[in-house]
Amino acid sequence: MFTTLFTHPACLEHDTGLGHPECSDRLRAVLAALETEEFHMLERQEAPRATVEQLLRAHPQSHIDRVLSLIPDVEHAGVDADTVVSPGSGEAALRAAGAVCAAVDAVATGQSRNAFCAVRPPGHHAEREKAMGFCLFNNAAVGAFHARAAHGLQRVAVMDFDVHHGNGTQDILQFDPDMLYCSTHQSPLYPGTGDAGEKGEYGNCVNAPLPAMAGSPEFRHAMTHVILPAIDHFKPDLLIISAGFDAHSRDPLAGLHLIDDDFVWATRKLGELARTHCGARIVSVLEGGYNLRALASASAAHVRELMYC
């Protein structure tokens, strides 16, 4: 079994306009980094569209209809002050969510050991009924509920190491006792959620906020003493990683100081838990990361480690 890369050219057609940080060059940088010789063993698959049935497990029909109705025929339209859509955005969003569902299928059936979804738009800010923060559909949450519905993987843990708190994933998962949401993130920072006291309806949200300027020691302490024990206690059937790389020291949108080796270390530790509890089943999906060089190197380091998990 191999690590499988899921992506689709449509994700490059989500045009957010001149100067927007969540741009197509982000995905181009990631894919270029994964084209080098060391990644020749990656299995590569084209992401399908998410079905309405798959989306409905995380979002109501009204949200799906609203998002798709906002897609313009020409130029750009604003979902909110930060979130911009273009004629290609609907297809990109469907392929991004569909990639995670297809990745779940691959690891659940043993076709792949684990998977990385190089897609955009990202998803972790998309709440059950609200698109925001560059995100339209919540890719990780759609994949989590698909794992249960399609494969009987009842207990799913989502670990989010993006520098911004995944308010959307927490919003969607917090009322389900068999879903676990864990996050390390800078605080205070957009979107203003993720306090350590936010524990979810069933104690199934575990937030480890980090102050601005925190680096490797603080991140690894939070992972070691808060996040990893929570996942170990939960004993998931599947682990989904919301892999944002904007906690990197070179990222322009935040103030944490992680380096590539921190993402390698976190991936290795999560892989150890996945081997213990869920047959090594990991699906990772790209979230943030806005310095192109840092994003490329950190995502490559993450995928390289997944190949050894």
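This is a predicted model: local features need pLDDT of at least 70, side-chain atom pairs count only at pLDDT 80 or more; totals for chains, interfaces and linings use all residues.
UniProt, in an unreviewed entry, lists residues 20-306 as "domain: Histone deacetylase". In the model, that span is 40% helix and 15% strand.

Now let's zoom in on one residue, Glu-305. You'll find Glu-305 in helix H9, which covers residues 292-306. Is Glu-305 buried or exposed? Its relative accessibility is 13%, and the cut-off for buried is under 20%, so Glu-305 counts as buried. And who does Glu-305 touch? Leaving out residues up to four places away in sequence, the contacts are Val-264, Thr-267 and Arg-268.

Okay, cysteines. How many disulfides do we get? Zero, going by the rule that the two sulfur atoms have to be within 2.5 Å. Take Cys-11: the closest cysteine sulfur belongs to Cys-117, and that's 9.7 Å away, so it's too far for a bond. Then there's Cys-205, which isn't in a disulfide either. For Cys-205, the nearest cysteine sulfur is the one in Cys-182, at 8.5 Å.

And where do these two cysteines sit? Cys-11 has a relative accessible area of 0%, so Cys-11 is buried. Cys-205 comes out at 4%, so Cys-205 is buried as well.

Notes. Residues are numbered from 1 along each chain as its sequence is written. Side-chain values use heavy atoms; hydrogens and water are left out. Helices (H or I, at least four residues) and strands (E, at least two) are DSSP runs, numbered from the N terminus. Buried means under 20% relative accessible area, exposed over 50%, partly exposed in between (1.4 Å probe, protein chains only). Contact means heavy atoms within 4.5 Å. UniProt positions are given in the numbering used here, feature names are shortened, and annotations may be inferred rather than shown by experiment.
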